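This briefing goes through one protein chain by topic. Please keep the sequence and the model at hand while reading.

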Amino acid sequence: MKIKVLIIEDDPITSLDLKETLIDEGMDVIGIARSVVQAKELIGKNTPDALLVDINLEGDDDGIDLVRSLLFPLPVVYLTANSDEQTVKRAMGTNPGSFLTKPYDERDVFIALELAFKNHNRESLGINENKPKPFLFLKNGNRFEKVKISEINYLKAEGSYTKFVTENAEYMLSSNLNTVSSKIDTGNFMRIHRSYVVNIENVTGLDNDYVFFGEENIPISRNYKEDVGRILKKIS
């Protein structure tokens, strides 16, 4: 899955150069906004995974005002010609992933966005906290939804991503299965396959080969067969 980036930059030449650079690096540029108003409209239509924000924009509000107004936090990289103390202080108050000054190195912009995106996901999982959160905010289409850990039926590895599956929805997060499962484990999650970790509390049945969630079955691999007895004890 490509990281979806919204570029917020009022200079047409700079914005097009940035778009070309990010596409060449394998990112998906979902739009270019030249003002806070345009940015809010684009975010409402197609929530990005990350924002590349110039501070000086068309209109009364600037890029920092935009980031402050977001209802849900998004990973942000500021890209600006302004590096005076007051501007930097205002920007840092929004907890950006990075702050780059113009003129910029194209590779640095890509690296900053990728790091901001990955660190944001780590914070969503509570990796930087001593106590894991009982819930996550996970992206579903164009919005973020609050998902209780207890409502997650299972996790599935999807390359460098992890799919979260509840009874009624599916979500994707850019963290691998090992990282995710170790950070949300409440004692109820058990690995039964290289690609699957299940929430034992939500299991509705099992046999020698599968764990069931209603009509849905999840395979138990040979290497984890011995754990079936432990699952039975937990759900009996």
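Asn-176 caps the N-terminal end of helix H6, with a side-chain oxygen 3.2 Å from the backbone nitrogen of Asn-178. A polar contact here is a pair of N or O atoms within 3.5 Å; within protein, one must be able to donate a hydrogen and the other to accept it, and residues adjacent in sequence count only if both atoms are side-chain atoms. The model is predicted: local features need pLDDT of at least 70, side-chain atom pairs count only at pLDDT 80 or more, and totals for chains, interfaces and linings use all residues. Residues are numbered from 1 along each chain as its sequence is written, and side-chain values use heavy atoms, with hydrogens and water left out.

**Helix H6**
- H6 spans residues 177-184, and its buried residues are Leu-177, Val-180, Ser-181 and Ile-184 (buried means under 20% relative accessible area, exposed over 50%, partly exposed in between, with a 1.4 Å probe and protein chains only).
- These residues lie on the same side of H6 because they cover an arc of only 95 degrees around the axis, the arc being that of the directions from the helix axis to the C-beta atoms.
- The buried residues of H6 pack against strands E6 (135-140), E8 (152-158), E9 (161-166), E10 (170-173), E11 (189-193) and E12 (196-199); contact means heavy atoms within 4.5 Å.

**Strands E4 and E5**
- E4 (residues 76-80) and E5 (residues 98-101) run parallel and are joined by four bridges; two strands pair if DSSP finds at least two bridges between them.
- Val-77 stands opposite Ser-98 in E5.
- From E4 the chain passes through helix H4 (residues 85-92) to E5, a β-α-β crossover that is right-handed: with the strands pointing away from the viewer, the path from the first strand over the helix to the second runs clockwise.

**Loops on either side of E5**
- Asn-95 lies in the loop between H4 and E5, and its phi is near 55 degrees, a positive value in a residue other than glycine.
- Asn-95 counts as exposed, at 67% relative accessibility.
- Pro-103 is in the loop between E5 and helix H5 (106-124), and a cis peptide bond, with omega about 0 degrees, joins Lys-102 to Pro-103.

**The chain as a whole**
- The protein chain has seven helices and 15 strands; helices (H or I, at least four residues) and strands (E, at least two) are DSSP runs, numbered from the N terminus.
- Of the 236 residues, 45% are buried.
- Among contacts between residues at least 6 apart in sequence, 53% join residues at least 24 apart.
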